[in-house]
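This briefing is meant for a reader who is meeting the structure for the first time. It begins with the chain as a whole and then moves, topic by topic, to particular residues and elements.

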Amino acid sequence: MVFWIFGYGSLVWNPGFEYDEKLIGYIKDYRRVFDLACIDHRGTPEKPARTCTLDESKGAICWGAAYCVRGGPEKEKEAMEYLERRECEYDSKTLVDFFTEEDCLHPALTGVIVFTSSPDKVNNKYYLGPAPLEEMASQIATASGPCGNNQDYIFKMEKALHDISHEDDYITELANEVRKVLGITVSVPMEKKLLSPSQTPLKSHISPVKILPLSEAIAAVAADS
């Protein structure tokens, strides 16, 4: 038996289990949202953190990493038990097709496992649902738990997606709103000055006093160089 698991949250940068192969790619008709509560890692029952889950959305794609575990039943069981403990807030496992940049029409993998959560506040105690950007940012900026604070999670998520060259506008915008709550000035990375038209730019540039369009922000950095 061999299984593949798709990571779209912290599994992208911190899988935490032994795997045999890793592929960067995406799944279709899902988008990443911060609609799930975390009460035992980066939050508490009294002050839950917000963490990633998936929302079904026709035509959307969600980039992440797929991990293969092979090597016998014992190894696979150990990896799955670890994942089920870690992803305890997720009440479902869904099987999805996984695509890579090389072929957007035919999946590179089928039957890939992904942890998901049902969007039901009655039957799923961890589901928070959507909220205004400012409200989510305030919650993320102030929540913390045994494994660290919630703000580190969103910033690491943003960096992990940048590192695989597939930024998520929603994550970038939310991370910048968290910085705004924390009073952190957003700087434009130097490599962004050399963006080609085919690359995806950051969606916004936020400072404590003024929100600049990206083109103006890049021009300002260039002027100072």
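Among contacts in the chain between residues at least 6 apart in sequence, 71% join residues that are at least 24 apart. The model is a predicted one, and of the 225 residues of its chain 47% count as buried. The secondary structure comes to five helices and nine strands, which follow the pattern β-β-β-α-β-β-α-β-β-α-α-β-β-α when the chain is read along its sequence.

**A contact across the sequence**
- When residues up to four places away in sequence are not counted, glutamate 21 touches Trp4, Ala66, Tyr67, Cys68 and Arg70.
- Glutamate 21 counts as partly exposed because its relative accessibility is 30%, which falls between the limits of 20% for buried and 50% for exposed.

**Aromatic rings**
- The count of aromatic pairs comes to ten, and one of them is formed by phenylalanine 17 and tyrosine 19, whose rings are 6.2 Å apart from centre to centre, with 65° between the planes.
- That pair is edge-to-face, because an angle over 60 degrees between the planes is counted in this way.
- The two partners are placed in separate classes of accessibility, since phenylalanine 17 counts as buried at 9% relative accessibility, whereas tyrosine 19 counts as partly exposed at 33%.
- Phe17 and Tyr19 also belong, together with Tyr67 and Tyr82, to one aromatic cluster.
- The ring of phenylalanine 99 has a charged neighbour, for the charged end of lysine 28 sits over this ring, 4.0 Å from its centre.

**Helices α2 and α3**
- Two packed helices are described by the angle between their axes and the distance between the axes.
- The axes of helix α2 (residues 133–142) and helix α3 (residues 150–163) come within 5 Å and cross at roughly 110°, and α2 and α3 are therefore roughly perpendicular to each other.
- In this contact Gln139, Ile140 and Ala141 of α2 meet Asn150, Gln151 and Ile154 of α3, and the residues involved divide into three nonpolar, three polar and no charged.
- The buried residues of α2 are Met136, Ala137, Gln139, Ile140 and Ala141, and these pack against β2, β3 (49–69), α3 and α4.

**Positive phi angles**
- Most residues other than glycine have a negative phi.
- Aspartate 29, found in strand β2 (residues 21–38), has a phi near 70°, which is a positive value in a residue other than glycine.
- With a relative accessibility of 29%, aspartate 29 counts as partly exposed.
- Serine 165 likewise is not a glycine and has a positive phi, of about 65°, but serine 165 is found in the loop between α3 and α4 (169–182).
- Serine 165 is exposed because its relative accessible area is 56%, and a value over 50% counts as exposed.

How values were computed: Residues are numbered from 1 along each chain as its sequence is written. This is a predicted model: local features need pLDDT of at least 70, side-chain atom pairs count only at pLDDT 80 or more; totals for chains, interfaces and linings use all residues. Side-chain values use heavy atoms; hydrogens and water are left out. Rings of Phe, Tyr and Trp (its six-membered ring) pair if their centres lie within 6.5 Å; planes under 30 degrees apart count as stacked, over 60 as edge-to-face and the rest as tilted. Buried means under 20% relative accessible area, exposed over 50%, partly exposed in between (1.4 Å probe, protein chains only). A charge sits over a ring if NZ of Lys or CZ of Arg is within 6 Å of the ring centre and within 35 degrees of the ring normal. Axes are lines fitted to C-alpha atoms, for helices over the stretch in contact, and angles run from 0 to 180 degrees between N-to-C directions. Helices (H or I, at least four residues) and strands (E, at least two) are DSSP runs, numbered from the N terminus. Angles under 35 degrees count as roughly parallel, over 145 as roughly antiparallel, 65 to 115 as roughly perpendicular and the rest as oblique. Contact means heavy atoms within 4.5 Å. Ala, Val, Leu, Ile, Met, Phe, Trp, Tyr, Cys and Pro count as nonpolar, Asp, Glu, Lys and Arg as charged, and the others, Gly among them, as polar.
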